[in-house]
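Thank you all for making time this morning; I would like to walk you through one structure, slowly and in order.

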Amino acid sequence: NLKALIGPSILNADLSQLYEESQKLLNNGADYLHLDVMDGHFVPNLTFGHPIVKCLRSKIKDAFFETHMMVSKPEQWIVPMADAGVNQYTFHIEPVNNVEDVCRKIKENGMKVGVAIKPGTDVAEVEKYISISDMVLIMTVEPGFGGQKFMADQMEKVKYLREHYPLLNIEVDGGVGPSTINCCADAGANMIVSGTAVIKAQDQASTIKLMRDTVQQ
Ligand code: DX5
Ligand code: ZN
């Protein structure tokens, strides 16, 4: 049975309080943390890298950390991120020549593998790698910034994957919150990233619970 999991993105949190913000999300019921890593090259924005992730891990021992690698050379950061204590390394396949090699190296370093596609990338491009990965991420905004509008047309990809792969972990990321969660749940996503909607919520715990309950029907 597939579990519904909510992984808040800390991108739009107060990053001067990264530890406190992260711990608060976990206390409020987050199932995992989605850490958005950007290199200013694959996407037109910069966030943080493995040194910060390592500091966060030193204070939060037991939470599941997923890094969403929006970078041009994902192979370059596998070892440092594994060393920083990352549990799942999710990378975009678009800039990568040999996706199989990257998947293998991630596993060799003890992490789970996530493969991600941008809105403009066909689902068939990522379907090839399902057998060698643990999760597929269907982006529901152009990667680079939090707080953008959810792209409902991406649900076609989620529906297709769910129909063909009943046990696949399918994650959605971008513009997901209480007003768009039904759409994601109906399409069959089970791993839900939510940034602004959770961070800015008056009541984080009930927002997280509402989304999990909607997905876990
Ligand atoms: C976008 C990031 C997302 C995003 C989520 O590039 O990958 O994780 O920040 O934030 P919201 O939910 O605000 O779109
Ligand atoms: Zn993300």
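Let me start with aspartate 173, which counts as buried because it has 25 C-beta neighbours inside 10 Å; here a residue is called buried if 20 or more other C-beta atoms lie within 10 Å of its own, exposed if 12 or fewer, and partly exposed in between, with the C-beta atoms placed from the backbone. Before I go further, please keep in mind that this is a predicted model, in which local features need pLDDT of at least 70 and side-chain atom pairs count only at pLDDT 80 or more, while totals for chains, interfaces and linings use all residues. Residues are numbered from 1 along each chain as its sequence is written, and chains are lettered from A and ligands numbered from 1 in the order in which they are written.

Aspartate 173 sits in strand β7, residues 169–173, where strands are DSSP runs of E with at least two residues and helices are runs of H or I with at least four, numbered from the N terminus. Setting aside neighbours within four places in sequence, aspartate 173 is in contact with His68, Leu137, Met139, Thr140 and Val193, contact meaning that the two C-beta atoms, placed from the backbone, lie within 7 Å.

Why begin with this residue? In UniProt, an unreviewed entry places the feature "active site" at Asp36 and Asp173; the positions are given in the numbering used here, feature names are shortened, and annotations may be inferred rather than shown by experiment. Although these positions are spread over 138 residues of sequence, they cluster in space, with a largest C-alpha distance of 10.5 Å.

Aspartate 36 belongs to strand β2, and with 24 C-beta neighbours inside 10 Å it is buried. Its contacts, again leaving aside neighbours within four places in sequence, are Ser9, Leu11, Thr47, His68 and Met70.

Not counting residues up to four places away in sequence, serine 9 touches His34, Asp36, Gly146, Val193, Ser194 and Gly195. Glycine 175 is placed in the loop between β7 and α7 (181–187), and it too is buried, with 23 other C-beta atoms within 10 Å.

**Around the ligand**

Which residues are closest to ligand 1? They are Ser9, Pro143, Gly146, Gly195 and Thr196, among 22 residues that surround the ligand, a residue being near if its C-beta atom, placed from the backbone, lies within 6 Å. The elements that give two or more residues to this shell are β2 (33–38), β8 (191–194) and α8 (196–199). By type, the shell divides into 7 nonpolar, 13 polar and 2 charged residues, where Ala, Val, Leu, Ile, Met, Phe, Trp, Tyr, Cys and Pro count as nonpolar, Asp, Glu, Lys and Arg as charged, and the others, Gly among them, as polar.

**The sheet**

Turning to the sheet, we have an open arrangement of 8 strands in the order β1-β8-β7-β6-β5-β4-β3-β2, with parallel pairing; two strands pair if DSSP finds at least two bridges between them. The edge strands are β1 and β2, each of which pairs on one side only. Neighbouring strands are turned by 25° against each other on average, direction ignored, where axes are lines fitted to C-alpha atoms, for helices over the stretch in contact, and angles run from 0 to 180 degrees between N-to-C directions.

Within this sheet, β3 (residues 65–70) and β4 (residues 88–92) pair in the parallel sense over 4 bridges. Histidine 68 stands opposite threonine 90 in β4, and the bridge partner of glutamate 66 in β4 is glutamine 88.

Is β4 enclosed or open, and what covers its faces? It is largely enclosed by the rest of the structure, because 5 of its 5 residues are buried: Gln88, Thr90 and His92 on one side, and Tyr89 and Phe91 on the other.
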